[in-house]
Amino acid sequence: MEGWDPNTKSTLTQIPLLSTKAGPRDGTAWTQRLKEEYKSLIAYTQMNKSNDNDWFRISAANPEGTRWTGKCWYVHNLLKYEFDLQFDIPVTYPSTSPELELPEIDGKTQKMYRGGKICLTIHFKPLWAKNCPRFGIAHALCLGLAPWLAAEIPILVDSGMIKHKDDVSSTSEC
Amino acid sequence: MEDGLKDIIDDLDSLKRSLPDPSLQASVLQLRLRVENLTRMAKSGPVGRPKVKDMSAEVVDSNPYSRLMALQRMGIVENYERIRDFSVAIVGVGGVGSVAAEMLTRCGIGRLLLYDYDKVELANMNRLFFRPEQAGMTKTDAAVQTLSDINPDVVLESYTFNITTVQGFETFMSSLRNKSFCPSKEGSGVDLVLSCVDNYEARMAVNQACNELNQTWMESGVSEDAVSGHIQLLIPGETACFACAPPLVVASGVDERTLKREGVCAASLPTTMGVVAGLLVQNTLKFLLNFGNVSPYLGYNSLKDFFPTMEMKPNPQCSNAVCLERQKEYVLAKPARDAAAKAKMEAEMSSITECPLHDDNEWNISVVDDNEVHTAGVPSADALPEGLTRELPSADEFEKSLAPGTDASVDDLENLRRQLEALNAD
């Protein structure tokens with residue numbers, strides 16, 4: 001965890017860790033894991049709200065809890081940039097982490113695989129592997145997606161690759 | 001197209017007849033000749049060959065298998081035609097997978113199953129196999145198009161989905177189980193799975209499927225700097241599975257998880273990919289047709305032209321539960337294996353007629369058993385040389401399963417779901 005800012009570190013220590021090592025094909029053990037995922041997501045969301053740092057919405061898109069959809073946003077120069085967020089729980093979960101996707105900015109940055117999967121290879125995957133099975137979805141958002149947004153969105157905005165939604169509508173009105 | 005050209009010729013003929021001016025006749029004649037040329041070219045264009053019922057060893061120009069069947073005459077392969085009974089699944093039809101598929105197709109493999117969810121892009125053109133006009137097609141469709149032209153005898157099945165998702169994985173498993181091609185075959189419906197994927201997640205998914213199906217497979221990979229690669233044979237329970245020891249950890253000390261994928265612009269060379277595909281298919285042929293030694297692991301370092309080989313035993317503390325199950329089965333089957341090996345040895349021994357090795361022994365040379373002299377000094381397999389100690393305890397307790405949450409009363413899944421939704425609402 002060297003190189004991480006103290007804020008992220010202290011947030012991380014407050015997200016409840018998980019204990020069940022089970023993937024979506026493991027039946028009742030997966031249900032148990034899913035409960036733990038919910039608990040840690042609830043705790044993380046509550047924490048973000050109380051710290052005035054609310055930055056995502058995520059919920060299971062199917063009853064099995066293998067597909068998740070929602071939104072995430074990032075504030076840059078006092079403007080809020082919001083994106084759709086989606087991911088599947090891989091069959092080999094939790095040995096392999098979920099691949100977080102931002103489909104709206106697919107193809108706009110090099111730090112992304114096809115289909116809008118953000119690049120987690122260097123900054124997150126080794127960390128996930130070392131902490132398997134204790135890390136869950138909440139940890140992936142906190143340590144995978146949040147730093148990616150912080151690093152990429154300012155560059156994408158400044159280079160004009162993404163525009164704020166108000167700018168887009170005002171130009172179309174002209 | 002031929003009909004269109006014929007119409008033009010007819011039109012030209014009638015034009016020629018109706019032309020009053022003979023000075024224009026020559027140019028009309030020239031036009032007619034050019035159209036005739038085009039007709040000939042169209043006729044000689046790509047025509048697929050018909051299917052071949054039996055592989056023949058007859059040496060004629062029109063026999064697509066004469067050079068392969070010659071392997072029998074040379075004493076390399078006992079029965080080459082068996083290749084038509086085999087099914088091979090290739091997961092990942094990229095720089096390595098597509099070339100491996102072409103090689104197996106040209107070798108006349110019975111059935112090929114191709115898995116990939118990507119599309120052909122112009123950025124792939126620095127590698128072999130795909131052509132620029134195929135850009136935009138799915139890799140599986142483009143591969144089937146080319147391969148069925150090259151060898152119509154091969155049964156090709158293409159699967160276009162991501163095997164790491166829950167649904168994709170189930171489809172992947174059932175396609176491997178399907179035995180309609182060769183119903184008499186034991187185990188799964190394929191003889192070998194070749195992993196030619198470019199990321200850790202997909203490799204882990206192939207590993208999981210093969211461990212569950214007790215399916216032998218081979219893994220291949222090319223480094224992101226495009227100058228080294230490896231192939232590895234994985235027999236569930238007998239050799240290390242992919243989760244036991246990811247190959248790059250062994251080869252270079254690099255954590256496999258830090259490997260980048262194609263999308264984030266890794267380097268690639270047609271040469272390295274071709275070499276690795278060649279090594280992979282060579283090992284496949286040796287495995288299927290039973291000749292030579294099948295390499296358990298073969299590395300390729302192109303900068304130094306270094307080809308390391310090694311064997312890897314399964315990890316008794318592997319994180320994959322199915323791998324541990326397979327390991328147990330393998331250990332339990334040891335007496336049967338030993339008996340079979342002994343019977344084979346005896347059969348071989350009995351075939352050699354016994355006679356003294358040397359008729360005379362002018363210098364009275366005799367062989368002395370040297371066991372007694374050395375046994376005292378030979379350390380047991382586990383002992384370390386003097387001066388070395390193990391950093392970690394040698395008999396580490398297998399990772400205890402973490403106690404699952406005990407407060408079952410409060411956590412109803414539906415309740416938790418509602419709690420999160422409530423938080424999401426405001």
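User: Where does A:Pro94 lie in chain A?
Analyst: Keep in mind that this is a predicted model. Most peptide bonds are trans. The bond joining A:Tyr93 and A:Pro94 is cis, though, with omega at about 0°. As for its place in the chain, A:Pro94 sits in the loop between β3 and β4 of chain A.

User: And A:Cys132 and A:Pro133, what kind of peptide bond joins them?
Analyst: Start with the location: A:Pro133 is found in the loop between α3 and α4 (137-158) of chain A. Omega for the bond between A:Cys132 and A:Pro133 is about 5°, and the bond is cis.

User: In what order do the three strands of the chain A sheet come?
Analyst: Let's build it up from the pairs. Strand β2 (residues 67-76) of chain A pairs with β3(A) in the antiparallel sense over 10 bridges, and A:Tyr74 stands opposite A:Tyr81 in β3(A). β1 and β3 (79-88) of chain A stand at the edges with a single partner strand each, so one side of each has no neighbour in the sheet. That open, antiparallel sheet of chain A reads β1-β2-β3.

User: Which strands stand at the edges of the seven-strand sheet in chain B?
Analyst: The open sheet runs β3-β2-β1-β4-β5-β6-β7 in chain B, with mixed pairing. From one strand to the next, the twist averages 15°. Two strands have a single partner each, so one side of each is left without a neighbour in the sheet: β3 (155-159) and β7 (297-301) of chain B.

User: Which element gives the most to the side of chain A that touches chain B?
Analyst: In total, 36 residues of chain A are in contact with 33 residues of chain B. The elements giving two or more residues to that side of chain A are α2 (28-50), β1 (56-60), β4 (112-113) and α3 (125-130) of chain A. With 11 residues, the one that gives the most is α2(A).

User: Are α2(A) and α13(B) roughly parallel or roughly antiparallel to each other?
Analyst: The axes of α2(A) and helix α13 (residues 413-425) of chain B come within 9 Å and cross at roughly 25°. Residues that meet there include A:Leu34 and A:Tyr38 in α2(A), and B:Leu416 and B:Leu420 in α13(B). Angles under 35 degrees count as roughly parallel. So α2(A) and α13(B) are roughly parallel.

User: Is the crossing of α2(A) and α13(B) left-handed or right-handed?
Analyst: By class, the contact of α2(A) with α13(B) has eight nonpolar, four polar and three charged residues. As for the crossing of α2(A) and α13(B), its hand is left-handed.

User: Is B:Asn290 buried or exposed?
Analyst: B:Asn290 lies in the loop between α9 and β7 of chain B. Its phi is near 65°, a positive value in a residue other than glycine. B:Asn290 has 12 C-beta neighbours inside 10 Å, so B:Asn290 is exposed.

How values were computed:
Residues numbered from 1 in each chain as written. Chains lettered and ligands numbered in written order. Predicted model: local features only at pLDDT ≥ 70, side-chain atom pairs only at ≥ 80, totals over all residues. Contact = placed C-beta atoms within 7 Å. Helix = DSSP H or I, 4+ residues; strand = E, 2+ residues; numbered from the N terminus. Pairing = 2+ DSSP bridges. Axes fitted to C-alpha atoms, helices over the stretch in contact; angles between N-to-C directions. Parallel < 35°, antiparallel > 145°, perpendicular 65-115°, else oblique. Left-handed = near helix turned anticlockwise from the far one by under 90°. Nonpolar A, V, L, I, M, F, W, Y, C, P; charged D, E, K, R; others polar. Buried ≥ 20, exposed ≤ 12 C-beta atoms within 10 Å, placed from the backbone.
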